[in-house]
Amino acid sequence: MNDGKVLIIEDEREIARIVRSYLEKDGFNVTIAETGKRALELIKERFDLIILDLMLPDIDGESICTSIRESSQVPIIMLTAKSAEDDRVKGLGIGADDYVVKPFSPRELVARVKAHLRRIKREEKKVLSFNEGLLRIDTLSMEVWKAGKNIPLTVTEFRLLLHLAEKPQILLSRPELLNAVQGYDFEGYDRVIDAHIKNIRQKIEDNPQRPLFIKTLYGAGYKFIGIPD
């Protein structure tokens, strides 16, 4: 059984009811917000994961996602009728960890929720340090520091950076990276991983065009080139 707290931000009551029913059967504590305004009130509380519909009646889901990321790195699964790859990449680019397109299988959605929460719980207690302490990764607190400054990363960005950093100087393909951070196939994976890597580089590299930590091997994947301390 699970005891995680999940917030569903969804204005379609039947969808919200079905998702809540499936989650509660697995032991989750579920709260529903039917409007963006109510969601912004509720996110002040602590939740273990948020399921966010992009098409809300008052405030668009992308704005809510951005607001959440200003103060929290809680995993966010976007739930939407938008199926275009550009929409998925945009959603991931503003901080979402996953993207589920309607219509969807409630059982698959629950499986994704559980997969995200399992990965958080599996983080080991250790700190990785690179380039004489220039970059430090704390896997217990899921925090990253660059030159002594805390760098905010989403959960998926953190997992991706950690997976790369734990295998320095090893070429990792996009499918391997996707499987490591999400654990299942995702259509359009090339651009999804590229979007996450771009976000990470903007946060940890002084000059993303001349990276100190994540190198692109065009047509092959990525390699972590930081020097372990």
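This is a predicted model: local features need pLDDT of at least 70, side-chain atom pairs count only at pLDDT 80 or more; totals for chains, interfaces and linings use all residues.
## Basis of the model

Local features are described where pLDDT is at least 70 and side-chain atom pairs where it is 80 or more, while totals for chains, interfaces and linings use all residues. Residues are numbered from 1 along each chain as its sequence is written, and side-chain values use heavy atoms, with hydrogens and water left out.

## Domains

The domain assignment, which is automatic or taken from a database, gives domain 1 (5-117) and domain 2 (127-224). Taken over C-alpha atoms, the centres of domain 1 and domain 2 are separated by 24 Å.

## Nonpolar cores

A nonpolar core is a set of buried Ala, Val, Leu, Ile, Met, Phe, Trp, Tyr and Cys residues joined through side-chain atoms within 4.5 Å, where buried means under 20% relative accessible area with a 1.4 Å probe and protein chains only. The largest such core has 25 residues, of which Ile137, Leu161, Leu164, Ile214 and Phe224 touch the most other members. Helix and strand names follow DSSP runs numbered from the N terminus (helices H or I, at least four residues; strands E, at least two), and α6 gives the most to this core, with 6 residues.

In α6, 11 of its 11 residues are buried. Leucine 164, leaving aside neighbours within four places in sequence, is in contact (heavy atoms within 4.5 Å) with Leu172, Leu177, Ile197, Ile214, Tyr222 and Phe224.

## Aspartate 98

Aspartate 98 is found in strand β5 (residues 98-101), and it counts as buried because its relative accessibility is 0%.

Notes:
Buried means under 20% relative accessible area, exposed over 50%, partly exposed in between (1.4 Å probe, protein chains only).
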